[in-house]
Amino acid sequence: MQNHKKWYDAHLAGFRQDAQIKSFKQYEALYRRSLDTPEIFWAEQAHNYLDWDKKWDFVFRQDVDEARFQWFGGGKLNASFNCLDRHLLHGSKGDKIAYFWEGENPAETKTVTYGELYNDVNRLALWLKAEGAQKGDCVVIYMPMVVEQAVAMLACARIGAIHCVVFTGFSAKPLTNCIQDCQAKIIITADQGYRNGKVVPIKKHVDDALLSCPDVRSVLVLQRGRKETPLIRGRDTWWHQGMERFSANQSVDPEPMDAEDPLFVFYYSGFSDYPKGLVHTHGGYLLYSAMTTRLVFDLKDDDIFWCTTDIGRIAGHSYTVYGSLLNGATGVLYEGGPAYPDYDRYWQMVEKYRVTKFYTTPTLVRLLARQGDDFVHAHDLSSLKLLGSGCEAIGYEAWKWYYDVVGGGKCPIVDTYWQTETGGHVLTPLPGVAPLKPGSCGLPFFGIDPVILDDTGEQTKFPDQEGVLCIRKPWPGMARTVYGDHERYVYPYFSRALDMYFTGDAARQDEDGYYWIMGRVDDVINITGFGLNAEELEAVLYGHPKISEAAVVKFPHPVKGIGIYAFVTLHRRLDKSDALRGELIRKVRTDIGPIAEIDVIQWADALPKTRSGKLLRTVLDKIAANRVDDLGDTSVIADPVVIKGLIEERKKIQGI
């Protein structure tokens, strides 16, 4: 490797002595084995990281034409057993703290040991079985960030039910679609939650959703509020009353699950029309989340690990719940927002719980960096040993602030790249392996064989040549299908690049082999780790009676990194008022959820189209990004005057 002025390597000496992976030479040898002899490599990892009821008959098989992949076929195991029972049986960790939990109100705290978590999971599993839940049934979980959410996931896994966690940032309509798509009969929820000093009416969203879901027969409700929420007789049960039916010493034998049985369905797209639920499996997903957690975060038995991401997102699944518990770690759960009651809330908790490994999103780093350094310096963060970033590209300035101010120049940053579909990190630095480059997601994780393709579909030939990122070899953590519709899995991920997995992200690889993610190449808008499809947002806007046309694109946002920018055309003779603008923003929030809030609405007398009527999204992308001097070839536009009007209107918009 060559020297580079932007490399940071001060952490290497401190990490290499005790790191899981101690050098680049060790990484390189293991990485080559993972590609050259994948079946041997992954069999060893499956044996080391998981306990199996029955060993697999084969490690890997695939049908490339159908995009079907099997890992550890014939092997049987249980996720709940691997997260809990084996630590109690083999490791005597019953009294070890599994989670420190803190509510948005700092006075609300509790600690939960592995033994207590085991008891709670078994009691909820008994309740699920009493309500008729069986192996292969889907159970929808719609809860705030409380320990009971992890309990619900593990209780489902214990009896072989498939959990479908829906993020509470999504409202009743997306929840309805998910419940209907997975045909859930049981919902686990809470009366309310808290976020930024406000009450989130969780149970109301459930009640609204279930008006269109008559097949749901049981709703279990955790009481978070001080006032009792009305329950529907015969359907709803308070959590505490449901658990009182079973004693603490009652247990449920973990259901032996085939390695390829679904563990969970994760809904992340199609909320306004057709839900898209990715299926992750018991064997491959558990192995990959356990392995990436231990190696990427260099997790040790005495670490306090905090992944700040909501459990309702894939990072919360992989690292707050499964990755942490599979490794027998102590995690932190926090219900509220990062700026409540002030911008030092995260740093206050890092100090309080002596967090050693801290993993968050670039959006939150940028948000907190904008408030200055004093909020950080007010707290003792000396416990921190490693910082992590994920869900989106972080950028140089945010990386530097995170490294210098939060980490004090001594904590490596693992800037991870991955997706809901990948199950875990696919490109990432490992803290003891090589120097860091701010903004780069480093090198491939084990078993990941990345390739960057140019516009012709050929592999790029030169350093820093931009193209689309694909992955050549399957890996255990990858999603297997879209629930109930395999074709919707095959087309976007495998049909565009032959037998390669298509990420949808542009990337480049520099002369030292480091990877850099450049952004999406399709119409997906990545908002703090959630992929929102532009057409879904447009469909909601089209549902308003005053809207004639709408086009939604992404644009650079100073805090979120990527924001939502909508060009809206009204029916003739309608006023372009701020009141209507606010009404449209609220409609999208109501129909999809706060995560889909539009940042800018620009009125447009018309939208740029070709003579054949095709919308030119690339032109709108550049106008939204204020790159109006680089619109490319506009000769195909049917009416060039349209562009001039859009640019003039864009100039009037302030505060972007």
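Over the ring of which residue does the charged end of K110 sit? The ring is that of W101, with the charged end of K110 5.9 Å from its centre. A charge is taken to sit over a ring if NZ of Lys or CZ of Arg is within 6 Å of the ring centre and within 35 degrees of the ring normal. K437 also lies over a ring face, that of Y514, at 4.8 Å from the ring centre.

The model is predicted, so local features need pLDDT of at least 70 and side-chain atom pairs pLDDT 80 or more, while totals for chains, interfaces and linings use all residues. Residues are numbered from 1 along each chain as its sequence is written, and side-chain values use heavy atoms, leaving out hydrogens and water.

On to the aromatics: the whole structure holds 39 aromatic pairs (Phe, Tyr or six-membered Trp rings with centres within 6.5 Å; planes under 30 degrees apart are stacked, over 60 edge-to-face, the rest tilted). In one of them, F297 and Y319 have ring centres 5.7 Å apart and planes at 75°, so the pair is edge-to-face. F297 comes from the loop between helix 10 (282-296) and strand 16 (304-307) and Y319 from helix 11 (residues 314-326), so parts 22 residues apart in sequence are tied together (helices are DSSP runs of H or I, at least four residues; strands are runs of E, at least two; both are numbered from the N terminus). F297 is buried at 0% relative accessible area, and Y319 is buried at 0% too (buried is under 20%, exposed over 50%, partly exposed in between, with a 1.4 Å probe and protein chains only).
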